[in-house]
Amino acid sequence: VKAYDPKAIDDMKNIYPRVQYCYNIYDAIKESDCIVSLTEWDSIKNIDFEHAAKLCRSKTIYDTRNLYDKSKLIIFGFKYLSVEHGQIFLVREIGE
């Protein structure tokens with residue numbers, strides 16, 4: 001597991017020492033199987049998904065904060081899961 005949080009990395013290292021912490025969002029995304037958004041920091045809200053799509057091993061996003069425009073993510077080939085009103089929704093890539 002790799003994690004990125006611009007505010008909490010140093011504190012979290014003490015609690016979860018076996019996690020690989022990254023100081024750059026794209027280092028965390030590189031070779032990932034799934035991107036999970038858990039916070040609403042600007043660096044997380046403003047991910048360049050065209051660039052991220054080239055870094056991921058598997059283009060899957062689990063958006064727990066409903067931060068992203070799913071139609072934009074689909075264009076870049078991502079599978080998009082979101083939480084809306086306590087329900088999980090999956091939006092598949094174009095052509096599925």
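The predicted model contains 5 helices and 6 strands. Along the sequence, these elements follow the pattern β-α-β-α-β-α-α-β-α-β-β. The protein has 96 residues, of which 28% count as buried. Among contacts between residues at least 6 apart in sequence, 38% join residues at least 24 apart. The protein exposes about 6,500 Å², and carbon and sulfur atoms supply 49% of this area.

By class, the lining of the largest pocket comprises 19 nonpolar, 3 polar and 3 charged residues.

Aromatic contacts were examined next. A pair of aromatic rings is described by the distance of the centres and the angle of the planes. The structure holds 2 aromatic pairs. In one of them, the ring centres of F49 and Y68 lie 4.8 Å apart with the planes at 80°; because an angle over 60 degrees counts as edge-to-face, the pair of F49 and Y68 is assigned to that class. F49 belongs to helix 4 (residues 49-55), whereas Y68 is located in the loop between strand 4 (60-63) and helix 5 (70-75), so the pair ties together parts that are 19 residues apart in sequence. Both partners fall under the 20% limit for burial: F49 is buried with a relative accessible area of 4%, and Y68 is buried with a relative accessible area of 9%.

F49 also forms an aromatic pair with F78, again edge-to-face, with 5.6 Å from centre to centre and 80° between the planes. This pair links distant parts of the chain, as F49 lies in helix 4 and F78 in the loop between helix 5 and strand 5 (79-84), 29 residues apart. F78 has a relative accessibility of 0% and therefore counts as buried. Through these ring pairs, F49, Y68 and F78 are linked into a cluster. F49 takes part in the pair with Y68 and in the pair with F78.

How values were computed. Residues are numbered from 1 along each chain as its sequence is written. This is a predicted model: local features need pLDDT of at least 70, side-chain atom pairs count only at pLDDT 80 or more; totals for chains, interfaces and linings use all residues. Side-chain values use heavy atoms; hydrogens and water are left out. Ala, Val, Leu, Ile, Met, Phe, Trp, Tyr, Cys and Pro count as nonpolar, Asp, Glu, Lys and Arg as charged, and the others, Gly among them, as polar. Helices (H or I, at least four residues) and strands (E, at least two) are DSSP runs, numbered from the N terminus. Buried means under 20% relative accessible area, exposed over 50%, partly exposed in between (1.4 Å probe, protein chains only). Contact means heavy atoms within 4.5 Å. Accessible areas come from the Shrake-Rupley method with a 1.4 Å probe; for residues, only the protein chains shown count as cover. Rings of Phe, Tyr and Trp (its six-membered ring) pair if their centres lie within 6.5 Å; planes under 30 degrees apart count as stacked, over 60 as edge-to-face and the rest as tilted.
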